[in-house]
Amino acid sequence: MMSPKPIGDDRGSANFRHTPLQIIHVIGNFLRIWSVYSMYRYLIQTGSSVGLFIFCCLLPSSLLFLAMQKPWKGRPLSNQQVVPSIINGVITALYFSMWGKGLKSCGPVRTILAEYAGAVLGVLSAALYGQGKHLWKKVGGLVAMMLSFYLLSRGWAMGTHSPFDILFCSKLNLKLRSKENLDAEAHPEEILGMKDMIVPIIAGILSALRRVIARRVSLKNQLKRRLHAITITSATCFLFPVAMWDFITGSTSDSTSQLPFSAWAFGSFILFGVILVFYVDSIAEERLHMVFSSPRHLMVAGGCMIILEIFYQMDFSLPGFLLCCIILGFGIYEATALERSKKGTQHFDSSEEMLDDMKSPLPT
């Protein structure tokens with residue numbers, strides 16, 4: 001008689017099988033964040049319009065999504081699926097607009113970390129659905145998240161403003177680079193107030209909301225991809241008048257009407273920032289059970305940002321950045337975690353999954 005296989009062996013084999021997917025997830029997020037840094041440098045150096053840049057990237061992305069998914073073929077989509085996807089396109093257009101403006105004004109580190117502000121939906125779900133037992137814990141997580149964003153706005157992740165670099169690094173000679181080696185083309189980041197962080201924080205909440213709606217509407221993987229093509233196309237249509245207005249006002253105010261162009265800035269954001277990131281996040285959710293607003297996802301993004309901050313020679317403080325990420329990760333963990341004493345076969349650790357379990361119908 002064969003002895004039962006130990007549970008630890010099953011977990012080890014499962015982790016081994018998921019190793020290639022985890023590598024794909026890390027590489028995909030690195031390429032996506034790399035495209036964000038390229039976009040930031042392009043916007044700062046050229047002064048181009050954010051709305052026009054986003055539209056020029058979403059237009060070919062929507063065409064590629066439509067060509068790959070062909071939502072008009074196969075089983076016909078019902079109005080209960082198409083209409084919420086179009087509404088989700090409006091939310092996506094608002095997200096990209098506010099995210100781009102936040103990137104140009106706050107810099108890559110603050111904007112990318114503010115994307116995790118969608119974890120506040122966990123506090124909202126606990127308040128609306130009477131989870132009083134965990135409400136105070138979630139409120140504490142929300143306070144920790146706001147503290148992290150406040151420290152980021154005060155420049156704790158920047159080498160010229162971080163108290164760690166000011167007090168210790170100059171004496172211990174632990175600076176990653178000296179001020180004389182600052183990239184002349186890099187935009188100097190400044191100390192901001194919390195009101196300046198509102199735009200990227202709202203963009204992060206909208207990003208989480210659009211993922212919740214997409215997950216509620218699409219029950220199957222193939223259906224999710226077809227509806228995502230409709231969502232991106234809808235967002236492109238809603239951004240068209242904004243882009244045309246920026247193009248007209250920009251061309252009349254400048255002496256030259258020629259739009260500066262960078263193949264890498266546009267191409268990388270189209271391929272990595274819009275298209276690839278969708279499939280990478282889908283793999284992470286379906287196979288790795290890792291959603292965006294989670295500490296594990298933050299850990300991957302934080303490692304990628306450290307590499308790119310050093311590569312681009314940005315105004316960066318490693319101790320301050322790690323402190324902000326630790327506080328933010330703790331806040332996300334407390335704000336989104338469900339009752340861990342009732343772990344079942346399927347465990348969700350995100351506010352997006354918590355709101356996904358709501359039984360109320362979507363507006364159509």
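Contact here means heavy atoms within 4.5 Å. With that in hand, welcome to a predicted model, in which local features need pLDDT of at least 70, side-chain atom pairs count only at pLDDT 80 or more, and totals for chains, interfaces and linings use all residues. Residues are numbered from 1 along each chain as its sequence is written, and side-chain values use heavy atoms, with hydrogens and water left out. The chain has 13 helices and zero strands, where helices (H or I, at least four residues) and strands (E, at least two) are DSSP runs numbered from the N terminus.

**The chain as a whole**

- Of the 364 residues in the chain, 49% count as buried; buried means under 20% relative accessible area, exposed over 50%, and partly exposed in between, with a 1.4 Å probe and protein chains only.
- Among contacts between residues at least 6 apart in sequence, 86% join residues at least 24 apart.

**The nonpolar core**

- A nonpolar core is a set of buried Ala, Val, Leu, Ile, Met, Phe, Trp, Tyr and Cys residues joined through side-chain atoms within 4.5 Å.
- The largest one here has 79 residues, and those with the most contacts inside it are Tyr37, Phe53, Ile54, Leu113, Phe149, Phe269 and Phe321.
- Helix α2 (residues 50–69) gives this core its largest share, nine residues.
- Leaving aside residues up to four places away in sequence, Phe321 touches Val109, Leu113, Trp156, Ala157, Gly302, Met305, Ile306 and Phe316.

**Helix α2 against α10**

- The axes of α2 and α10 come within 9 Å and cross at roughly 45 degrees; axes are lines fitted to C-alpha atoms, for helices over the stretch in contact, and angles run from 0 to 180 degrees between N-to-C directions.
- The two helices α2 and α10 are therefore oblique to each other, given that angles under 35 degrees count as roughly parallel, over 145 as roughly antiparallel, 65 to 115 as roughly perpendicular and the rest as oblique.
- α2 passes α10 in a right-handed crossing; a crossing is right-handed if the near helix is turned clockwise from the far one by less than a right angle, and left-handed if anticlockwise.
- On the α2 side, the residues making the contact include Phe53, Ile54, Leu64 and Phe65, and on the α10 side they include Phe269, Val274, Ile275 and Phe278.
- By class, this contact has 17 nonpolar, two polar and no charged residues, with Ala, Val, Leu, Ile, Met, Phe, Trp, Tyr, Cys and Pro counted as nonpolar, Asp, Glu, Lys and Arg as charged, and the others, Gly among them, as polar.

**A closer look at Phe65**

- Phe65 sits in helix α2 and is buried, with a relative accessible area of 0%.
- Its partners beyond four places in sequence are Lys70, His228, Ala229, Ile232, Val274, Ile275, Phe278 and Tyr279.
- Phe65 and His228 are 163 residues apart in sequence, and 8.0 Å apart in space from C-alpha to C-alpha.

**Helix α3 against α8**

- The axes of α3 (residues 79–106) and α8 (residues 198–217) come within 8 Å and cross at roughly 160 degrees, so α3 and α8 are roughly antiparallel to each other.
- α3 passes α8 in a left-handed crossing.
- The residues of this contact divide into 16 nonpolar, seven polar and two charged.

**Two loop residues to look at**

- Most residues other than glycine have a negative phi.
- His289 has a positive phi of about 55 degrees although it is not a glycine, and His289 lies in the loop between α10 (263–286) and α11 (295–311).
- Gln313, also not a glycine, has a positive phi of about 55 degrees.
- The loop between α11 and α12 (318–336) holds Gln313, which counts as partly exposed at 36% relative accessibility.
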